Structures are given as structure tokens and as C-alpha cells.
Amino acid sequence: MSTHFFTASSLDGFIATQEHSLDWLLKQDVDAEGPMAYQQFEKTIGALAMGASTYEWVLEHEEGRWGYAQPTWVFTHRDLLIPAAADVTLTHAPIAEVHAAMAAAAGGKDLWVVGGGDLAGQFADAGLLDEVWVQFAPVTLGSGAPLLPRTLDLELLEVARNRDFMCGRYRVVRA
Ligand SMILES: NC(=O)c1ccc[n+]([C@@H]2O[C@H](COP(=O)([O-])OP(=O)(O)OC[C@H]3O[C@@H](n4cnc5c(N)ncnc54)[C@H](OP(=O)(O)O)[C@@H]3O)[C@@H](O)[C@H]2O)c1
């Protein structure tokens, strides 16, 4: 079982604008079943973790519907709304504790840290982030939500082009 941070990014390392817009991403061309794309990746995932901003973005853009079948832990200090039938747990517990709960719920499948970048960094800080998958869109944003605001050594495991995207899969090298 591995823990992955799978995300798209601008070329200059932002995963959303400062206003939490993903318009720059959603206008790009991608083959959903192509190399390193979401469709295949998602099948390997047994549990998800995400931060409050990411969760709120998903709810806002899916008009209250919840698109994930897997159990999901949302890190927040607030009492956020949970859509009916969504398997969502709100938490501000230590990362290691949540990771253990995710692993227990994942049925042997991998874990996905959806974002944001600092939450992925918190998993790395705890020694609990194994891989980073990034789809780089052909755009620079200049500022925004950072991809992974940590100092980490990564080993490049795989590269692919998926239409507009340059995709890389990296292993987190632990000291
Ligand atoms: N490009 C992509 O593929 C992609 C992927 C994922 C996300 N995104 C976007 O990127 C942006 C990320 O936003 P973001 O940088 O603000 O990150 P985020 O992780 O989505 O949200 C940050 C918030 O999560 C909560 N949080 C984080 N760590 C916590 C902890 N240990 N305990 C309790 N609560 C914790 C805090 O919320 P509280 O205020 O509730 O305390 C914090 O303000 C969003 O707009 C999202 O939609 C893009």
C-alpha cells in the first residue's frame, strides 16, 4: 500500500490561482483514459484525504453532489457540510492517526492525498508520502496555491505526455 499525491499543476508550480480557480486547468485537453490519467489512477485508490479548500471547491463545482466512492478524510477546523450518502470524515487529528485509519479502510488499495500542497507536505513531514504524480499544464500562473511547499528529494520513476500535459511520477526519497 502506497500513499500518493496525485495532482495537476501549472508549469510554475501552482495547483490553483489565489482565488482557488481551476479554469486554467479545466480548459486543457486530456485523454481521461490516457497515460497517467485520473481514470486508471482512481481505480487503485481505497481512501482519500484532502484539505478544507479542496473539499469546498469540489462541493461548489459538483453542485453539492459527491463523486467519490472511497472513504474520504477532510482536514479542517470547521464543521463543514457533508452531502447525503458521502463517506466523509472531518478531522484535525494528527496525520499519522488519520493515515492509519485510511489504510485500515482502504482494503489493501493505495491512498490518495488529493491536496492541497501543504497537506501533501504534512504527510511527507510525517514520513507517510510515497509518490508524487504531477500533470503539468502548459500555463504559468505567477502565484497561487503551491504544488508542494517543502524541501524534498524525489526520484523520477515515469514520464508521459497526455495531450496538453507533461506528466511525471516521482518517489519521495526519505533521508
Ligand atoms: N490542480 C489540481 O489538480 C488540484 C488538486 C487539489 C486541489 N486543488 C486546489 O488547490 C487549492 C488548495 O487550497 P489550499 O492550498 O488552501 O489547501 P487545502 O489543503 O485544500 O486547504 C487548506 C485548509 O485545510 C485545512 N487543513 C490543512 N491541514 C490541516 C490539518 N493538519 N488539520 C486541520 N485542518 C487542516 C485548513 O482549513 P480550516 O480553515 O478548515 O482549518 C486549511 O486552511 C484549492 O483551490 C483546490 O481546489 C487543485
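I began at Ala 52, where a backbone N or O atom sits 3.0 Å from an oxygen atom of the ligand; I take as a polar contact a pair of N or O atoms within 3.5 Å. The protein buries 79% of the 920 Å² that the ligand exposes when taken alone (Shrake-Rupley, 1.4 Å probe).

The model is predicted: I need pLDDT of at least 70 for local features and 80 or more for side-chain atom pairs, while totals for chains, interfaces and linings use all residues. I number residues from 1 along each chain, and side-chain values use heavy atoms, without hydrogens and water.

Next, the shell. I find 22 residues around the ligand, and His 20, Thr 54, Thr 76, His 77 and Gln 122 come nearest (a heavy atom within 4 Å counts as near). Ten are nonpolar, eleven polar and one charged, with Gly counted as polar. Helix H3 (52-61) and strands S1 (3-10), S2 (14-16) and S6 (110-115) each supply at least two shell residues; H3 gives the most, four. Helices are DSSP runs of H or I with at least four residues, strands runs of E with at least two.

Last, the rings. I count eleven aromatic pairs, with ring centres within 6.5 Å; planes under 30 degrees apart are stacked, over 60 edge-to-face, the rest tilted. Phe 41 and Trp 112 pair edge-to-face, at 5.5 Å centre to centre and 85° between the planes. Phe 41 is in helix H2 (residues 38-43) and Trp 112 in strand S6, so this pair ties together parts 71 residues apart in sequence.

Definitions and conventions. Polar contact = N/O pair within 3.5 Å; in protein donor to acceptor, adjacent residues only side chain to side chain. Phe/Tyr/Trp six-rings, centres within 6.5 Å; stacked < 30°, edge-to-face > 60°.
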